[in-house]
Amino acid sequence: MPKEYSRSQRVVEQIRRELAELIRLEVKDPRVGFITLTDVEITPDYAHAKVFFTSMTGAGDVPEILQGLRRASGFLRRELGRRIRIHTIPELHFQYDRSVEEGARLSQLIDEVVREDEARHQDDGVTGPDSASDDDGKRG
């Protein structure tokens, strides 16, 4: 049986979609141009929403992006009120999401370890499981 989504999950997803569209099309601040909204967390009373974002320009520009988002938060909240029909429009709190950077860093570390391991096996003269045999694994 498919899992039912709660009302708060639907509201969170709608807030994320609407904010992404508003930031992309309506916010004119150049500091906010190259961000992606990754998640929204909302309090049970809908009074506050944490909006997580990543930046294509990297973590170095985060203070300027946060400043631009905070400056636009009143406009964004007002526009959310026009687009979403809920009793309380949450106050928006923006936070930089480091998970994408951390995932890329971990992936790079794994790739380095795999390369070192392959190099060590080649130096030892050991063939790995990826090496092809003459009979292509067929027995007959």
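This is a predicted model: local features need pLDDT of at least 70, side-chain atom pairs count only at pLDDT 80 or more; totals for chains, interfaces and linings use all residues.
**Exercise 1.** Work out how the strands of the open sheet are arranged and which of them stand at the edges.

*Solution.* Start with the order: three strands form the open sheet as E1-E2-E3, with mixed pairing. Next, look at the partners. E1 and E3 each have a single partner strand, so one side of each is left without a neighbour in the sheet, and these two stand at the edges. Now zoom in on E2 and E3: they run parallel and are joined by six bridges. As one example, Lys50 has His93 in E3 as its bridge partner.

**Exercise 2.** Find the aromatic pair and classify its geometry.

*Solution.* The count is one aromatic pair, made by Phe53 and Tyr96. Their centres are 5.7 Å apart, and the planes make an angle of 65°. Planes over 60 degrees apart count as edge-to-face, so this pair is edge-to-face. Then place the residues: Phe53 lies in E2 and Tyr96 in E3, so the pair ties together parts that are 43 residues apart in sequence. To finish, check burial, for which the cut-off is under 20% relative accessible area. Phe53, at 0%, is buried, and Tyr96, at 14%, is buried too.

**Exercise 3.** Describe the largest nonpolar core and what Leu76 touches.

*Solution.* This core has 29 residues, and Phe53 and Leu76 have the most contacts inside it. H1, E1, E2, H2 and E3 each supply at least two residues, with H2 giving the most, seven. Leaving aside residues up to four places away in sequence, Leu76 touches Leu19, Leu22, Ile23, Val27, Leu92 and Phe94.

Notes. Residues are numbered from 1 along each chain as its sequence is written. Side-chain values use heavy atoms; hydrogens and water are left out. Rings of Phe, Tyr and Trp (its six-membered ring) pair if their centres lie within 6.5 Å; planes under 30 degrees apart count as stacked, over 60 as edge-to-face and the rest as tilted. Helices (H or I, at least four residues) and strands (E, at least two) are DSSP runs, numbered from the N terminus. Buried means under 20% relative accessible area, exposed over 50%, partly exposed in between (1.4 Å probe, protein chains only). A nonpolar core is a set of buried Ala, Val, Leu, Ile, Met, Phe, Trp, Tyr and Cys residues joined through side-chain atoms within 4.5 Å. Contact means heavy atoms within 4.5 Å. Two strands pair if DSSP finds at least two bridges between them.
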